[in-house]
Amino acid sequence: MSGDAMVKAVILAGGSGTRLKPYTTVFPKPLMPIRERPILEIILRQLHTSGIEEAVIAVGYLAELVMTYCGDGSRFGCPVTYSREDRPLGTAGCLGQLKERLPETFLMMNGDVLTTLDYAALLDYHRRHGGIATIALHRRDIPVDFGVVGMNGGQRIIEYTEKPTLSNLVSMGVYAFEPRVLDYIEPGAHLDFPDLIQSLIAEGEEVMGYVYDGYWLDIGRVDDYEQAKADFDVIAPHLGI
């Protein structure tokens, strides 16, 4: 990380993990184990090696289990505090409760991301480019199992592609923000992340993209969770923990 700057990270760990049921019926998604460690512990250890001074974990669903496991974060080298939601505030709404606790540039991330992304490099990029927000991006290829047809506005087919692969840049669920982004978030109001970004763009704010081509997996689905467990031995040396 450039200079002597120290930042906080906000980790979203309050969702009910509906796509991972039945695992998450009695178990919060951020505590799902990848081998012997929950994904949340892996994230906290990575943040420590990136120079993060504190992680604020936003909790809601099964909050007591998350808080009991992580404690004050001392076991992982990353001090931990909590922000508890009495009702779901959306993927960005939790920031409305943290205005007094985020006076400097900060990270925000989902609590179910397994990646070799260098958080310090993301922060350096964010500072160099001067935007209010930077979204970490990953290229994802999505195969289509059907023949895709293009028409000319009438009934004539002008293009036919059998089972194409669509390639798009997708959000990794990791972001860097300047504290003035909090001016766009009403305390106590429900707000999802796409709505926040759309508001920033509509107001003429600069929202930057940081394209990362290393390992990234969101373990929010059962298939992806199983893939993460299968990949772990290969990527573990590159996680920085």
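**View 1. Helix α5 and its cover.** The buried residues of α5 are covered by elements that include α3 (90–93), β8 (133–143), β11 (165–177) and β12 (207–211). Contact means heavy atoms within 4.5 Å. Helices (H or I, at least four residues) and strands (E, at least two) are DSSP runs, numbered from the N terminus. The model is predicted: local features need pLDDT of at least 70, side-chain atom pairs count only at pLDDT 80 or more, and totals for chains, interfaces and linings use all residues. Residues are numbered from 1 along each chain as its sequence is written, and side-chain values use heavy atoms, leaving out hydrogens and water.

View 2. Helix α5 spans residues 193–202, and its buried residues are Phe193, Leu196, Ile197 and Leu200. They lie on the same side of α5 because their arc around the axis is only 95°, taken from the directions from the helix axis to the C-beta atoms. Exposed Gln198 and Ala202 sit on the face turned away from the buried side. Buried means under 20% relative accessible area, exposed over 50%, partly exposed in between (1.4 Å probe, protein chains only). Just after α5, Gly204 has a positive phi of about 85°.

**View 3. Aromatic pairs.** The whole structure holds six aromatic pairs. Rings of Phe, Tyr and Trp (its six-membered ring) pair if their centres lie within 6.5 Å; planes under 30 degrees apart count as stacked, over 60 as edge-to-face and the rest as tilted. Tyr125 and Tyr210 pair edge-to-face, 4.9 Å centre to centre, with 65° between the planes. Tyr125 lies in helix α4 (residues 119–129) and Tyr210 in strand β12, 85 residues apart. Phe106, Tyr175, Phe177 and Phe193 form one aromatic cluster.
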